[in-house]
Amino acid sequence: MQFYLNGYVPGDPDIHKEKLPDAVDVLVIGSGPAGAVLAAQLSNFPSISTRLIERRDGPLQVGQADGVACRTVEMFEAFGLAHKLVREAYWVNETVFWRPSKQDRTRIERTGRVQDTEDGLSEFPHLIVNQARLQQYLLDYMRMSPTRLEANYGLEFVTLEVEPAGEYPVVVTLRDVARGSQTTVRAKYVVGCDGARSLVRDSIGAVPRGDFANHAWGVVDMLAVTDFPDIRLKAAIQSGDEGNILLIPREGGYMVRLYVDLGDIDPNHREAFRDTTQEKVIEVARRVLHPYTLDVKSVVWFSVYQVGQRVTDRFDDVPVDQVGTRLPRVFIAGDACHTHSAKAGQGMNVSMQDTFNLGWKLAAVLDGRARPELLRTYSVERHAIAQELIDFDKEWSKIMASAPKDPERPELGGVDPQELQAYFVKSGRYTAGVATRYTPTTALTAQATHQHLAKGFTIGMRFHSAPVVRLADAKPMHLGHVARADGAWRIYAFADANGERLRELATFLAESPNSPIRRFTPAGADIDSVIDVRAVFQQSHRDLRVEELPSILLPRKGCFGLIDYEKAYCPDLKEGPDIFDLRCIDRAHGAMVVVRPDQYVSNILPLDAHDELAAFFGQFLVDRR
């Protein structure tokens with residue numbers, strides 16, 4: 001076996017690394033959660049050339065983030081990966097709270113126990129799984145996608161320049177980490193997912209703004225023997241004088257993660273905390289847990305970090321004074337945009353939502369389905385969400401780092417343990433990832449003119465799934481799970497009482513020259529490739545006949561013109577209140593719920609608002625006529 005003919009390349013020599021082409025449509029810098037989600041989305045489009053580069057010599061193996069919010073699991077369902085997460089991960093079912101004993105402040109005692117996620121918030125649980133495993137799911141997805149996309153390891157970003165014209169105007173310089181040689185790649189678009197010290201961010205002149213770090217924490221993944229009774233429950237632990245711990249059980253039944261409070265950072269020696277050893281962090285943890293013991297058998301991963309809250313001033317390469325005259329070519333996402341503490345478990349989750357927002361927009365523009373102006377909405381939407389995250393994290397981190405109030409010494413201040421528990425409960429929707437709401441600042445989010453027709457599907461918020469039964473095969477399922485990460489819009493048409501308005505809508509969509517499906521679907525493409533129409537009837541699935549469905553709900557697809565039978569649904573009458581009651585759908589008039597490719601509700605319309613529906617899509621989709 002011969003190899004290294006043209007120079008040493010680290011890694012398995014049996015894996016033939018594809019040479020990075022001279023020009024690509026999208027170059028993604030960084031294979032962390034944000035970069036992996038973006039590349040996974042784009043890997044579904046054979047017509048789009050995507051490359052993912054990573055400076056490490058291979059995939060992440062251990063450590064870093066671990067909290068997976070309910071909303072993130074919903075997103076993973078769009079990739080068909082939720083079942084893997086749910087099967088492997090630790091489920092956060094309840095959270096317990098510990099504080100100093102009233103009789104002896106050197107000892108801790110349990111003071112509260114709450115359900116982690118409120119009932120009905122999501123069909124998926126809050127999960128804990130190693131970031132490396134989550135990324136591997138996405139890398140495997142890419143590898144099996146139509147483009148067979150694989151990451152290019154051992155390449156680091158050096159700099160870029162955006163030329164004023166040309167098909168591939170972004171000129172990127174990369175360095176081979178092992179050999180030191182440099183290469184140039186041209187791209188239509190570049191996305192920097194390269195972390196808190198992002199060089200892509202620096203190259204476009206974007207500036208992080210906010211507070212510098214003022215508090216340090218140590219984090220240890222360990223295998224340990226302990227008599228602490230809540231070792232397999234998420235626990236917020238406040239000691240009298242030794243600091244605080246956030247305890248997170250890990251997947252597999254044995255491993256546990258401790259976030260250990262290391263106190264304030266000396267502003268004159270900001271980097272000194274990095275000298276903290278894992279032995280010191282473990283010793284602090286032992287003191288916090290007194291009178292319980294902690295016998296650490298193995299440390300799986302260890303790190304120390306500082307808490308600071310910063311938001312980058314813009315998330316693309318267009319300066320504020322050029323927003324109306326220039327279109328973006330370079331974007332940043334994840335930690336390159338926002339940095340904060342790990343206590344609320346939002347970093348990885350919000351980072352992936354950044355690129356889930358951006359990915360379908362890039363695909364729509366590159367595939368010719370949407371106008372390039374659509375890309376301006378990314379920075380507008382996600383910058384506002386990042387600022388909300390920082391505002392929340394400031395308050396949450398302050399509470400988590402505060403000492404508990406001492407009834408004997410109230411002048412010292414601190415946080416009452418009941419206050420900590422109450423704040424945890426109050427912020428449950430936010431930490432579950434379902435509180436995100438896009439405002440009508442872009443064409444993608446409509447005014448709430450017709451919100452009363454479907455009160456449970458709030459415009460600007462994620463589509464809240466509910467149980468239904470698929471008509472054709474009587475399969476019980478969740479309506480939200482029909483959405484794939486394929487870049488398609490969804491219209492969920494909820495039938496009116498007698499079904500007349502729904503049938504009129506179906507006729508309009510199938511036959512009218514003004515139908516958005518006829519106007520915006522490319523010739524030769526499947527009828528649901530741009531706008532996917534699904535209908536939910538009010539009757540039981542046994543009271544409807546498949547053969548009587550409108551043609552738009554039995555579309556013919558593919559080269560053989562096969563019939564798609566998965567467009568019509570009925571209420572699941574065995575699972576308590578049906579979807580019309582759960583989501584407060586107007587039974588008399590019905591409703592159209594228009595949902596973006598990233599699962600957020602864009603508009604609510606009456607079933608007979610045909611022209612309004614066409615006008616909505618006409619704001620950003622390309623008319624094929």
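Is Arg587 buried, exposed or partly exposed, and what is its relative accessible area? I looked it up: Arg587 is partly exposed, with a relative accessible area of 29%.

**Ground rules.** I'm working on a predicted model, where local features need pLDDT of at least 70, side-chain atom pairs count only at pLDDT 80 or more, and totals for chains, interfaces and linings use all residues. Residues are numbered from 1 along each chain as its sequence is written, and side-chain values use heavy atoms, with hydrogens and water left out.

**Salt bridges.** I stayed with Arg587 and found its side chain in a salt bridge with Asp581, at 3.2 Å, N to O. The rule I apply wants a side-chain nitrogen of Lys or Arg within 4 Å of a carboxyl oxygen of Asp or Glu. Asp581 is partly exposed too, at 46% relative accessibility. I also noted one network, joined by salt bridges that share partners: Asp486, Arg490, Asp528, Asp532, Arg534, Lys557, Asp564 and Lys567. Searching the whole structure gave me 48 salt bridges.

Next I checked Asp25, which pairs with Lys188 at 3.3 Å between the closest N and O atoms. This pair links distant parts of the chain, with Asp25 in strand β1 (residues 23–29) and Lys188 in strand β11 (residues 182–192), 163 residues apart. For naming, helices (H or I, at least four residues) and strands (E, at least two) are DSSP runs, numbered from the N terminus. Asp25 is buried at 7%, and Lys188 is buried at 18%.

**Two domains.** I have domain 1 as 23–66 + 73–85 + 126–208 + 310–390 and domain 2 as 451–619; such bounds come from an automatic or database domain assignment. Their C-alpha centres lie 31 Å apart. The contact (heavy atoms within 4.5 Å) takes 16 residues from domain 1 and 16 residues from domain 2. Across this interface I count 3 salt bridges.

I then looked at the salt bridge of Glu77 and Arg484, where the closest N and O atoms are 3.3 Å apart. Glu77 sits in helix α2 (residues 70–78) and Arg484 in the loop between β22 (475–478) and β23 (489–494), 407 residues apart. Glu77 counts as buried at 18%, while Arg484 is partly exposed at 30%.

**Cores.** A nonpolar core here is a set of buried Ala, Val, Leu, Ile, Met, Phe, Trp, Tyr and Cys residues joined through side-chain atoms within 4.5 Å. The largest has 113 residues, and Leu362, Trp489, Phe537 and Phe617 have the most contacts inside it. Helix α7 (residues 347–366) gives the most to this core, with 9 residues. Domain 1 and domain 2 both give residues to this core, so it lies between them. I found a second, separate core of 26 residues, with Val96, Ala235, Val256 and Val288 among them.

**Cysteines.** How many disulfides does a search of the whole structure find? I got 0, taking a disulfide as a pair of cysteine sulfur atoms within 2.5 Å. For Cys193 the closest cysteine sulfur is in Cys337, 8.3 Å away, which is too far for a bond. Cys193 is buried at 10%, whereas Cys559 is exposed at 74%.

**Val468.** My last entry is Val468, in strand β21 (residues 467–470) and buried at 0%. Val468 and Asp572 are 104 residues apart in sequence, yet 4.6 Å apart in space, C-alpha to C-alpha.

Note on methods: Buried means under 20% relative accessible area, exposed over 50%, partly exposed in between (1.4 Å probe, protein chains only).
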